[in-house]
Amino acid sequence: MKIFATLARGSLIAYTALFFAFIYIPLALIAVYSFNANPVNMMTWTGFTTEWYAQVLGFKTKISENALYLESTSQLVEALWNSLIIATSTTAIATVLGSAMAIALYRFDFFGRRFYRTVMFMPMLMPDIVLGIALLIFFVNSGINLGLKTIIIGQCTFLISYVFIVVTARLAGMDRTLENASADLGANEWTTFRKVVFPQLLPGIVGGALLAFIISMDDLVITYFIAGVDVTTLPMFIFAMLRRGIKPEINAIAVMMLTFSFLIASLGLYLRSRQK
Amino acid sequence: MRDSIVRLDKAAKAFATPEGQTVTALDAIDLDVSRNEFLTLLGPSGCGKTTLLQAISGFVQLDGGRILIDGEDMTDRPPYRRPVNTVFQNYALFPHMTVGENTGYALEVAGVVKAERTKRVGDALRMVGLEGMEGRKPRQLSGGQQQRVALARAIIARPKLLLLDEPLSALDKNLRQSMQIELKTLQHELGISFIFVTHDQQEALTMSDRVAVLSGGRIQQLDTPRAIYDQPKNSFVATFVGASNLFEGEAGSGQLVTRDGLSISHGRQGATGAATALIRPEQFFIAQADDSTPSLDVDLEQIVFVGSTFELFGRTATGRRVIAEIPAMRRSLVGEIEQTRRARLAYDPAAVHLLPAEAA
């Protein structure tokens, strides 16, 4: 029996190790190869360099002077810039509208309340490809020129849902008697909202905003449909790179995006833990 | 007439249940609470006591009637404009604020300057025995301490009236008893009226100047704790407050005869008609077989030792249940009847209380 228990324990440990290896080794490889000095084939290790990072960040490097290298850094920076503009705008719009909607549905009882709630969940359940094509048809038929503006509007349609859901979850955990206590102590509804409801809701709102930002930075399918010809976002640029041939700087971009997402997620977790 | 701080004038409220029925929570209640009075609203759950409290604090809008606080009509005023503060059942402390910020909330909202606020927060916390705890968060406090913060927060703005909604129900027994005494002391120090809601009759009797026993949205009896206990107006009050032995029957001068033929002596001369006699368990004492004081002979079913007393559960020859409480001092007598399983329970006729008969 003892042997059996040891065996079971051993297999469990092995399974756990494999599980995490499967998830994290590809990511680790990308991080390692982002320091690979081979300018042509990124899977063959030829030495350590930090020049890919310098390259992505727009510095002159030896790589860019190499004859085998195709210059595309300015396009990359432009794509990144576009993504940041889009993510910031959509986050701002989706956070305000999504939170307002969540608060309204929680606070007031009105006709169609349950219907609204269901409608808010719909964009999350809809396949991206369907939403993308629907938005494209809508923009084209209503004569709106595709570009940054349509990407922002398009992404907001589903990002509002994400914010709504995160804020609603936070609201559901809130104690209504706290609002009564505030009113009892002489605060009118606005003061109660400002001093009692909003501060408790803030971690939810910040969490929703961070989520919206990351999803927006990351979105490819929907954005691809509604971007038009002039605007390229970072995920679109990376996707296009794949077709033109994978270039080693993609590793550096991936590591930087990963680090950025990690920082945002950590910030979110930190804010949440501080509120508890 | 006594100086009134709260007056309810035919206050009425009905709720619709999800099943489509209506429940009358307040049935045209008239109530006067005097200045500096400690009034307890006592009743089982669903009797309307919490609704009554919320009607005073403003969280429940009346369907009919009026509420006056210190002579001013408050019926249509929102909660935040009433000179009343509440200690909530689950304390309802703001989790994102410190103890000091919680306590000073009413002052901050009212726009009191910081220096004065800090001083008064210190004073209020000192009153409830939490000196120097300003910087803590509510979650770092024990239940009893949270209770005190809720109390400090509710009294800091010097309300004309403090409402307490079962504030002690979450505390353990020992803490609850010491808090009962502290609340009573605090009320004297502050010199304001307290309206206290509870379903615990012991708590009501311990602390109150007057107790209002509620049932079915009506005040069944409003009286001092002693009067509630000794002279309940009806069988609901008699059974809800304390344990009781009730004997329904036909009253005559000095005697009441039950349908099953028991004869209960009482001190009321000239009583007639249908009535119910009330004998509290502790009014019984164990008599010798040849004793001539009025008594009931019972067969004992259970003898329970509860520390300070023995509780005797017996039945008369006609099968009627009788509860008696015998002081633990008398344990030699109890030892005797434990052998025989029979007892003669004597009582003083003068202490027997007669209730008017009720329409069934």
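Me: At what angle do helix α5 (residues 113–125) of chain A and helix α7 (residues 148–172) of chain A pack?
Reply: In this predicted model, local features need pLDDT of at least 70 and side-chain atom pairs count only at pLDDT 80 or more, while totals for chains, interfaces and linings use all residues. Residues are numbered from 1 along each chain as its sequence is written, with chains lettered from A and ligands numbered from 1 in the order written. Helices (DSSP H or I, at least four residues) and strands (E, at least two) are numbered from the N terminus. The axes of α5(A) and α7(A), lines fitted to C-alpha atoms over the stretch in contact, are 8 Å apart, and the angle, on a scale of 0 to 180 degrees between N-to-C directions, is about 120 degrees.

Me: How do the residues of the contact of α5(A) with α7(A) divide into nonpolar, polar and charged?
Reply: α5(A) brings A:Met120, A:Phe121, A:Pro123 and A:Met124 to the contact (C-beta atoms, placed from the backbone, within 7 Å). From α7(A) come A:Thr157, A:Phe158, A:Ser161, A:Tyr162 and A:Phe164. With Ala, Val, Leu, Ile, Met, Phe, Trp, Tyr, Cys and Pro as nonpolar, Asp, Glu, Lys and Arg as charged and the others, Gly among them, as polar, the division is seven nonpolar, two polar and no charged.

Me: Which element gives the largest share of the side of chain B that touches chain A?
Reply: On this side, 17 residues of chain B are in contact with 16 residues of chain A. At least two residues each are supplied by β6 (84–87) and α3 (105–109) of chain B. The side divides into 11 nonpolar, five polar and one charged. The largest share is three residues, and they come from α3(B).

Me: What is the bridge partner of B:Asp9 in β4(B)?
Reply: The open, antiparallel sheet of four strands in chain B has the order β2-β1-β4-β5, where strands pair if DSSP finds at least two bridges between them. Its edge strands are β2 (22–34) and β5 (72–73). β1 (residues 4–16) is joined to β4 (residues 64–69) by five bridges. Within β4(B), the partner of B:Asp9 is B:Arg66.

Me: What is the bridge partner of B:Asp299 in β19(B)?
Reply: β16 (residues 295–305) of chain B pairs with β19 (residues 342–346) of chain B in the antiparallel sense over five bridges. In β19(B), the partner of B:Asp299 is B:Arg342.

Notes: Contact = placed C-beta atoms within 7 Å.
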